[in-house]
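Work through these exercises with the sequence and the structure side by side. Try each task before you read its solution.

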Amino acid sequence: MLLHLSGTPNPKQQAFFLAKARHIAYGGARGGGKSWAMRRKFVLLAFRYDRLELLLLRRTLPELMENHVRPLLAELSGAATYHATRREFLFPNGSRIKLGYCDKESDVYQYQGQEYDVVGLEEATHFSEAQMQFLTTCNRSVRSDFSPRMYYTMNPGGVGHAWVKRLFIDRDYRNAERAEDYVFIPARLTDNPILLKHNPGYVTTLKNLPEHLRKAHLDGDWDALAGQYFPEFSRDRHVVSPFSIPQSWRRFRAMDWGYNDPCCVLWFAAAPDGKLIVYRELYLRQTLSSEIAKRVHALSEGESIAYTAASPDAWQQRGLGGLEGQTIAEVFARNGVPLLPADNARIPGWQRVREALALRSDGTPGLTLFSSCQNLIRTLPLLTYDAHNVEDVSAYAEDHAAEALRYGLMSRPHPSRPVAEAPAPRYDPFSIAPAPYAGYRGL
C-alpha cells in the first residue's frame with residue numbers, strides 16, 4: 001500500500017492535529033493551509049482507528065469536488081477505495097470518509113438519524129448556525145476508544161460569521177456550552193511557508209484589498225468583516241418588551257411558506273404615526289399547511305386582521321395541505337386564513353426593510369420587534385451580502401423570517417387612524433328616532 005502524501009505540517013497545523021477537544025477550529029486569515037490540514041487530519045484518523053465514521057462537508061458541490069475529492073483521489077490512490085456515487089472513501093481497516101455538501105439550508109436533513117464519530121465543516125462560516133447545530137446531533141459514538149469531535153476551518157465573513165466568532169473568538173457560551181469544549185488555532189498566511197515560497201505575490205494581492213477586506217483576509221481580523229447586510233439593526237434600538245397594543249391599531253400578517261425549510265408567519269401592527277411593530281411570530285418546520293393555518297387562526301383569535309401577504313409559492317400545487325392538488329393558499333382559505341400574493345421584488349423589498357430600520361427625526365426607528373419574536377431577532381443580523389450581487393441577501397442565509405418581514409413591509413400598510421374622542425350625544429326632544437350610532441348608513 002502506497003500513500004501519496006506530501007508536505008510537512010507547520011506548527012499551527014501540528015496544533016490542529018494534536019487537539020482533542022470536542023470542537024476544534026483552525027483558521028482566520030486566507031492562505032493558512034486550512035484545507036490541507038483538514039484533509040490530512042481526516043486521513044490520519046481513518047488510518048489510526050478501525051471502523052471510524054467520518055463526515056467531511058463543504059457548502060457547495062463544486063467546492064467539495066475541487067478542495068477535497070480531487071486531492072484525496074490523488075493522495076489515497078491504492079490506499080483507499082473511492083465510491084463515486086456515494087462520494088466516500090473506504091479504508092482497509094473499515095474506516096470511511098463520507099464527503100457531502102449542504103447547498104440549501106434543508107440539505108442537512110439528509111444526515112438525519114446518521115452517526116459519525118467525526119464531523120468536519122470546511123469553511124464553517126459558510127454554514128448557518130442552524131445547520132451547525134443540527135450536524136452536532138449527528139456527531140455521536142458508542143466507541144470506548146474515541147470520543148466524538150468536530151473540526152472547523154474558516155475565514156471571517158459569511159453567513160456563519162456570528163456563531164463562529166461567538167464560540168471560538170469571543171468565547172461567549174450559552175446554555176450547556178462549555179469553554180473547555182472549544183479550541184481555536186489561529187492561522188496566518190505567514191504560517192504557511194509552502195504557499196509563500198510558491199506564490200509570493202499572494203501577499204501583495206491581499207495587501208491591495210480594501211482596508212476591511214485586507215484586515216479580514218490578511219490579518220484574520222474577525223471584527224473587520226462581519227458581512228452584515230443590515231448594519232442598521234440593533235437589539236437595543238429595535239427590540240422592545242411586549243406591551244398591550246391598542247385595539248384601534250391596524251393589524252396584518254405576512255408569511256414565507258416553507259415545509260422542509262421553516263415556514264415563518266409574522267404579525268404586524270401599524271401605529272398612527274406610521275411606525276410598525278412585529279408583535280408575534282410563528283416559526284415551524286415540516287408542518288402541514290393545514291396545521292399551520294389552524295395555528296395562525298387560533299393565535300389571531302379576537303384580533304381584527306386586515307390581510308395576510310404570503311410568498312408566491314403558496315399558490316403552487318404541492319399537495320402538502322392534506323388534500324392532493326390544492327394550493328397552499330386554498331388550504332389556508334379553507335381554514336379561515338385567506339392569503340394575498342406578496343410583492344416579491346427582492347431588491348426594493350430589502351431596501352424597504354432598511355428604510356424601516358433607519359432612525360426617524362425623533363431618534364427612534366420606524367420598525368420595532370417584540371422580544372418574543374426570537375427567530376426574526378436571531379436571523380436578521382446574520383443576513384449577509386450575496387457574493388455575486390451586493391444589493392441582495394446571500395442565498396445561503398437563513399432568511400425565512402426576514403422574507404416574511406420583507407413581504408409585510410412591501411404590502412404598503414397604512415397607518416392606523418387616530419381614535420377621536422366621541423362627542424357626548426345631544427338629546428333632541430322633538431326627534432322620534434334614536435340618535436344615529438357610529439356606522440349608521442340609514443335604511
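Residues are numbered from 1 along each chain as its sequence is written, and side-chain values use heavy atoms, without hydrogens and water.

**Exercise 1. The whole chain**

Task: Find the mean pLDDT of the protein chain and the share of residues that reach 70 or more.

Solution: 
- Start with confidence: pLDDT is the predictor's confidence in each residue, from 0 to 100.
- The chain's mean pLDDT is 85, and 86% of its residues reach 70 or more.
- Over residues 427-443, the pLDDT is below 50. Beyond near neighbours in sequence, this stretch has 0 contacts in the model; contact means heavy atoms within 4.5 Å.
- Where pLDDT is low, the predicted coordinates should not be read in detail.
- Now count elements. The chain has 14 helices and 15 strands. Helices (H or I, at least four residues) and strands (E, at least two) are DSSP runs, numbered from the N terminus.

**Exercise 2. Two packed helices**

Task: Describe how helix 12 and helix 14 pack.

Solution: 
- Locate them: helix 12 covers residues 346-357, and helix 14 covers residues 400-410.
- Take the angle, about 85°, and the axis separation, 9 Å. Axes are lines fitted to C-alpha atoms, for helices over the stretch in contact, and angles run from 0 to 180 degrees between N-to-C directions.
- Helix 12 is therefore roughly perpendicular to helix 14, a label for angles of 65 to 115 degrees.
- Look at the residues that meet. Among them are Trp350 and Val353 in helix 12, and Leu405 and Arg406 in helix 14.

**Exercise 3. Val353**

Task: Is Val353 buried or exposed?

Solution: 
- Read its relative accessibility, 0%, so Val353 counts as buried. Buried means under 20% relative accessible area, exposed over 50%, partly exposed in between (1.4 Å probe, protein chains only).
- List its contacts, leaving aside neighbours within four places in sequence: Phe230, Leu405, Arg406 and Leu409.
- Check one distance. Val353 and Arg406 are 53 residues apart along the chain, and their C-alpha atoms are separated by 6.2 Å.

**Exercise 4. Asp313**

Task: Which side chain makes a polar contact with the side chain of Asp313?

Solution: 
- Find Asp313 in the loop between strand 13 (305-310) and helix 11 (328-334).
- Asp313 has a relative accessible area of 17%, so it is buried.
- The partner is the side chain of Ser311, at 2.6 Å. A polar contact is a pair of N or O atoms within 3.5 Å; within protein, one must be able to donate a hydrogen and the other to accept it, and residues adjacent in sequence count only if both atoms are side-chain atoms.

How values were computed. Predicted model: local features only at pLDDT ≥ 70, side-chain atom pairs only at ≥ 80, totals over all residues. Parallel < 35°, antiparallel > 145°, perpendicular 65-115°, else oblique.
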